[in-house]
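Subject: Structure handover

Hello,

Here is the structure for you to look through. Please keep it open while you read the notes below it.

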Amino acid sequence: MLKWMLNIFYSFPIRLLQLHLRSNLLLIGMWAFLITLITGIIGRKLGFQYLFLDPEYLNAVNFWSYFMIGLTFGGFLMTWNLTTYLLTAHHFPFLASLRNPFTKFCLNNLLLPILFLIFYVFAIIHFQLRFEGWTTEDILLQVIGLLTGMLTLLIFYFLYFHYTNQDISSYKKQIEARQNNTNTINPGRKDIDLEYIKMDANRWRVDNYFNEAFKFRPVRSVAHYDVIMLKQIFKQNHLNALIIQLLTMMGLFTLGSLMDYSLFRIPAAASIFIMLSVITAIIGAITYWFDTWRNTIIILTLIAINFFTSFQHLNYSNKAYGLNYEKQLAEYRYEKLQGICSAEQIKQDINSTIEILEHWKAKNSSEGKEKPKMVLMAVSGGGLRAASWTTNVIQNADSLSGGQLLNHTALITGASGGMLGAAYLREIYLRQQSDPNANLYASKHLENISKDMLNSIAFTLVSNDLFLPWTRFKVGQNTYRKDRGYIFEQQLNENTGNVLEKRLSDYYSPEKTAQIPLMFLTPSIVNDARRFIISPQPVSYMMIAPVGIEQQNSVEIDAVDFRRLFQEQEADSLLFTSALRMNATFPYIMPNVHLPSRPELEAVDAGFIDNYGILSITRFIQVFREWILQNTSGVVLMQISSSTKIDPITANENKGIIETIFNPIGIAGQLISLQEFEHDNSLGLLYDLLGPDYLHYVRFVYDPGKNNKLKASISFHLTNREKEVIREEIEVADNQKNLLRLVQLLQP
């Protein structure tokens, strides 16, 4: 029994695992990171687990989507093997005495990958059976796709190494020729003394190993082999490993230029495997060349990258497409903002918007008819979940009201995904007025807005943005670089049939004549926490509370009329998709948008300041209160929210001392809850301004948790089951009750 246990303990797979735990924790961390993603420990609300469990490729989850995952997993697995071989092979000199040493190393280094693969396959089976309802045959086909993709790449790698790596039999005839060569590169780390490692007292003891037939074979002593010959074998094997890693990096770089072709937009999880392969290779290269200095080198490298990319020629930042970055930069200072929202300017802009409201009133009024009710629509952020939910609610509400919802809507505002859905339907509503074939209620619109966008973003991030983006494109006379911001807009246009492929100014006339509702996009400004107000109309009145005009310097300017600030930089030519992207720029997933100003401004997701659009609607009602009271019979504040109103209260007890230190910072994670409280205050203010009988608040909430259904993630990817739940959620009692109430409010 003891002998059997010792054989296991001193077997090559177990000894490799021990060495990794001692020296390669960063590399083992890659496997741990993947497990936390798949189990939802990290990124559950963002839906990272579904990227691995339900991957989508070319708008379908099937054999080929899993094949792509398997292919990139095989690449990650081989990068893991290549890197650990470079770093640890010198500890096991017996490898150099075997035929195909790298192959045998890989077979014995599969303990962690096999355990991960078993876990991954069972996770897929469990998810597809429980949540997606796939048949056993379909799930089997998916698993076969995963394994086939993995084996395809592994076979390619092993064939390459079989025909390029030489073993001891190739060197026996050349021993004498190599004995005079004393300048060979030592394997693994610099200054490795193989003669020292070969001694039993100093080597990592290994008694047996797996061969290609998966049979245990005893390890034989290599003490009698010439050190120079062993070094040459390792050197040649290492060189091939470095070549294949370099070719992989070059291939990835080349793929970045193919981002415009949907065939190359692989599943997002596949991009994560590729990214981890790149990180693994970089960690391995730094450790290989710098050994114990690796941490210092990594820190110095990051400092150097930060320093050199601060120079203009090496610095790349995402831009808003359509704006001119070659002209003189817009001055962004408080005095300039005061000039934009002067009392005279605000008065002109108010009168301009009143003209729009008069057109709106005329459209919704008739002889002997009561004054129309004004609908102000606020939609929340939340990725494709919010976009799909917003689309679903508007379609149902407008249909049930006989087309009166969008007719009565004067303003739409909000954040992120919700505004993607609202903007898409607003454009269809505009087209429907001149084209009877543009059916606002067609089911394809909900399908289109629900289509995956994350695959293209993740692929571009890994294959292009990790390097310095180099491919370019033109909008008018302006040139920009392609990155994940570009591919976001391309994918959005592809998903929606290119109907949003317009400039900001294209919406000026339809809004001016009240053919469509006004729309305010309100991305947050990183520099000073103000908001942009992006609209084709002049909206300086949105920059400051009305009291600030009547009493100078009583309150501070808290927003910026985007079109006015960047008038000289051709703001009217801004692509509407870029405006939508600025409004939906979730950090890291999407690049911050840098604007042509001095100092340079950065724009991020509107949800950081106002995830529901209530702040904008409150300001709008404050400004136009008198007109609203005189010309309407009431205001319907319609809120479409993709998150619950009341979250469960989390406990803070039973925390360790480290958690306690960081506990006060936890309030930063309650950003949305804090906004909810502020919005309730705003609603209270609106009731005071208009009166409780004049303001009608109707809220549509996506909350499948009440019915124990799967809640969709906040992501640019939705599974089929998540899409189905979003479609069903409009049927729940609370939402049906609010639909009926909304229809009754819009009746004359």
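The notes below start with the whole chain and then go through selected parts.

This is a predicted model, in which local features need pLDDT of at least 70 and side-chain atom pairs count only at pLDDT 80 or more, while totals for chains, interfaces and linings use all residues. Residues are numbered from 1 along each chain as its sequence is written, and side-chain values use heavy atoms, with hydrogens and water left out.

The whole chain

The protein chain has 33 helices and 17 strands. Helices (H or I, at least four residues) and strands (E, at least two) are DSSP runs, numbered from the N terminus. Of its 748 residues, 56% count as buried. Buried means under 20% relative accessible area, exposed means over 50%, and partly exposed is in between (1.4 Å probe, protein chains only). The accessible surface of the protein chain is about 33300 Å², and 59% of that belongs to carbon and sulfur atoms. Such areas come from the Shrake-Rupley method with a 1.4 Å probe; for residues, only the protein chains shown count as cover. Among contacts (heavy atoms within 4.5 Å) with a separation of 6 or more, 80% are between residues 24 or more positions apart.

Asn109 and helix α7

Asn109 sits in the loop between α6 (101-108) and α7 (111-132). Is Asn109 buried or exposed? Its relative accessibility is 4%, so Asn109 counts as buried. The side chain of Asn109 makes a polar contact of 2.8 Å with the side chain of His20, and another, also given as 2.8 Å, with the side chain of Asn81. A polar contact is a pair of N or O atoms within 3.5 Å; within protein, one must be able to donate a hydrogen and the other to accept it, and residues adjacent in sequence count only if both atoms are side-chain atoms. Apart from neighbours within four places in sequence, Asn109 is in contact with Leu16, His20, Trp80, Asn81 and Thr84.

The 22 residues of α7 should span 32 Å at 1.5 Å a residue, and the end C-alpha atoms are 31 Å apart, which agrees. The expected span is 1.5 Å times one less than the number of residues. The buried residues of α7 include Pro113, Phe116, Leu117, Tyr120 and Val121. The arc is that of the directions from the helix axis to the C-beta atoms. Leu115, Phe122 and Arg130 are exposed on the other side of α7. Gly133, which follows α7, has a positive phi near 70°.

Helix α16 has 21 residues and reaches 30 Å from its first C-alpha to its last, close to the 30 Å expected. Its buried residues are Gln345, Ile346, Asp349, Ser352, Thr353, Ile356, Leu357 and Trp360. Those residues cover an arc of only 145°, so they are on the same side of α16. On the other side, Glu344, Lys347 and Ala362 are exposed.

Glu370 is in the loop between α16 (343-363) and β5 (374-379). With a relative accessible area of 48%, Glu370 is partly exposed. Which residues does Glu370 contact, leaving aside its neighbours within four places in sequence? They are Ser633 and Pro748. Glu370 and Pro748 are 378 residues apart along the chain, and their C-alpha atoms are separated by 6.5 Å.

Strand β7 (residues 472-475) has Phe473 and Val475 on its covered face and Arg472 and Lys474 on its uncovered one. Four bridges join β7 to β8 (residues 478-481), and the two run antiparallel. Two strands pair if DSSP finds at least two bridges between them. Lys474 stands opposite Thr479 in β8. Two residues lie between the strands of this hairpin, in which Gly476 takes a positive phi near 65°.

Backbone exceptions

Most residues other than glycine have a negative phi, and most peptide bonds are trans. Asn498 has a positive phi near 65°, and so does Glu570. The peptide bond from Arg598 to Pro599 is cis, with omega near 0°. Pro599 is in the loop between β14 (597-598) and β15 (601-604).

Regards
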